Amino acid sequence: MEEKKKQAPPEKGRKAENRFSKEQLTASARFRERRDILEALLVPGQTYTVKAVEEKVEHYMKGKVR
């Protein structure tokens, strides 16, 4: 069985956000149109919040073309 990673308790007054793996995010309907970008930006084995992923995608999309 896979060992579940322990998350730090949320700070007082803050709601804990769900975290998802790269595989879960790329398979989700929410990011269907951005799957190729997620494959390039996200690191396997790490977990991300939906907000963090949306910020990464937005930053990437606003980046300069070389």
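**Note on the predicted model**

1. Thr26 touches Arg35, Leu38 and Glu39, not counting residues up to four places away in sequence; contact here means heavy atoms within 4.5 Å. Thr26 lies in helix α1, which spans residues 22–27. Thr26 counts as buried because its relative accessibility is 8%, where buried means under 20% relative accessible area, exposed over 50% and partly exposed in between, with a 1.4 Å probe and protein chains only.

2. On provenance, this is a predicted model in which local features need pLDDT of at least 70 and side-chain atom pairs count only at pLDDT 80 or more, while totals for chains, interfaces and linings use all residues. Residues are numbered from 1 along each chain as its sequence is written, and side-chain values use heavy atoms, with hydrogens and water left out.

3. The protein chain contains three helices and two strands, arranged along the sequence as β-α-α-β-α. These elements are DSSP runs numbered from the N terminus, with helices being H or I of at least four residues and strands E of at least two. Of the 66 residues in the protein chain, 20% are buried.

4. Among contacts in the protein chain with a separation of 6 or more, 37% join residues 24 or more positions apart.

5. The largest nonpolar core has nine residues: Leu25, Phe31, Ile37, Leu38, Leu42, Tyr48, Val50, Val53 and Val57. A nonpolar core is a set of buried Ala, Val, Leu, Ile, Met, Phe, Trp, Tyr and Cys residues joined through side-chain atoms within 4.5 Å. Two or more residues of this core come from each of α2 (35–41) and α3 (50–61). The most is given by α3, with three residues. In soluble globular proteins, nonpolar side chains tend to be buried together.

6. Helix α3 has twelve residues and reaches 16 Å from its first C-alpha to its last, close to the 16 Å expected at 1.5 Å a residue; the expected span is 1.5 Å times one less than the number of residues. Its buried residues are Val50, Val53 and Val57. They lie on the same side of α3 because they cover an arc of only 65° around the axis, the arc being that of the directions from the helix axis to the C-beta atoms. The face turned away from this buried side carries the exposed residues Lys51 and His59.

7. What covers the buried residues of α3? The cover includes β1 (20–21), α1, α2 and β2 (47–48). Val50 is in contact with Asn18, Phe20, Arg30 and Phe31, leaving aside its neighbours within four places in sequence.

8. Leu42 sits in the loop between α2 and β2 and is buried, since its relative accessible area is 4%. Beyond four places in sequence, Leu42 touches Lys22, Leu25, Tyr48, Val53 and Lys56.

9. Leu41 belongs to helix α2 and is partly exposed, because its relative accessibility is 27%. Leaving aside neighbours within four places in sequence, Leu41 is in contact with Lys56, Val57 and Tyr60. Leu41 and Lys22 are 19 residues apart in sequence and 9.4 Å apart in space, C-alpha to C-alpha.
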